[in-house]
Amino acid sequence: MDAFPAYFPLAGVKVVIAGSGEAAEAKLRLLASSPAVLVRVEGPDAFLPGSYSGARLVFIDGEDEAFAKAAAAAARVARALVNVTDRPELCDFTTPAVIDRGEVVAAIGTGGASPMLATMLRNDIEQRVPEGTGRVAALFRKFQDDVRAKFPELHARRAFLRETLSGAVAQAAQAGDMEQAQTLFRAAIAKGPKAAGKVQFVAGRGPADLLTLRASRALAAADVLAADEGADPDILSMARRDADRLAPAAATPQALIDLARDGRRVVRLVVQAPPAAEAQALAAAGIPVEILASAS
């Protein structure tokens, strides 16, 4: 990862757009619906540090080399972070291709190397992000404190949120019926269902591109990862970074049973066929088991 992606809260933040070209107009359109305080600077004023006083982010339309360099220098005197169109060597940050769904924002960046590639990837991903996704996120923000209070343990909270995001609550919000969504959400919190844990065996020998979509989703949702020695590093990297890691020697059938009974999703990353005795012990204990083989 050559650049770390970060999201700046924009409520009340001063953002300056300097220049008068098409790139400046594009940035204005991009930020028009945001809660930022937008300031437009043109001409000689762009060379004055005072024009950028209090700004956190500055976007400069750099079609003219001299204008771009002088404006960037002035903005840095004011301690603002600077982006100059098509001049990555003058940038403190680069701008990604953005998918805007209100509360949900996705961004594709190439570190300034290929904005066109980022745009093409954005177009592909945008089709998979429904318009109502922002409403779902806004709903979950509204009930965030209630969920934390009801489910203080992290794994239990994750299990509840997974269940809620894939059920009637999210469907109602997607459809725009926020009153019904809130009613259903309150009922779900009050009920406090404990989602059942499970153990999923995933082929870990590799290569990673042979994993099925179902297997990759299991890795992304795992609360606990128990990987055999020799598991493909690329597959290991697909697991949630904050998932607990269980050493192979500690991944006994009883340990997996206890974790699943506690409501956790456990992924057993195996380099050979799933141990029959292990799977049988889990099934005998009533633990849901899935075998997720590779695509070949």
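Residues count from 1 along each chain as its sequence is written, and side-chain values use heavy atoms, with hydrogens and water left out. Since the model is predicted, local features need pLDDT of at least 70 and side-chain atom pairs count only at pLDDT 80 or more, while totals for chains, interfaces and linings use all residues.

**View 1. Glutamate 290 and its polar partners.** Here's glutamate 290, sitting in strand S11 (residues 289-292); strands are DSSP runs of E, at least two residues, numbered from the N terminus. Glutamate 290 is buried, at 17% relative accessible area (buried means under 20%, with a 1.4 Å probe and protein chains only). Its side chain makes polar contacts with the side chains of arginine 214 (2.6 Å) and glutamine 200 (2.8 Å). A polar contact is a pair of N or O atoms within 3.5 Å, where one must be able to donate a hydrogen and the other to accept it; residues adjacent in sequence count only if both atoms are side-chain atoms.

**View 2. The hairpin of S5 and S6.** The two strands run antiparallel over five bridges (strands pair if DSSP finds at least two bridges between them). Aspartate 100 has valine 105 of S6 as its bridge partner. Two residues lie between the strands, and glycine 102 takes a positive phi near 75°.

**View 3. Two faces of S5.** Follow the side chains along S5 and they alternate.

Notes: Helices (H or I, at least four residues) and strands (E, at least two) are DSSP runs, numbered from the N terminus. Buried means under 20% relative accessible area, exposed over 50%, partly exposed in between (1.4 Å probe, protein chains only).
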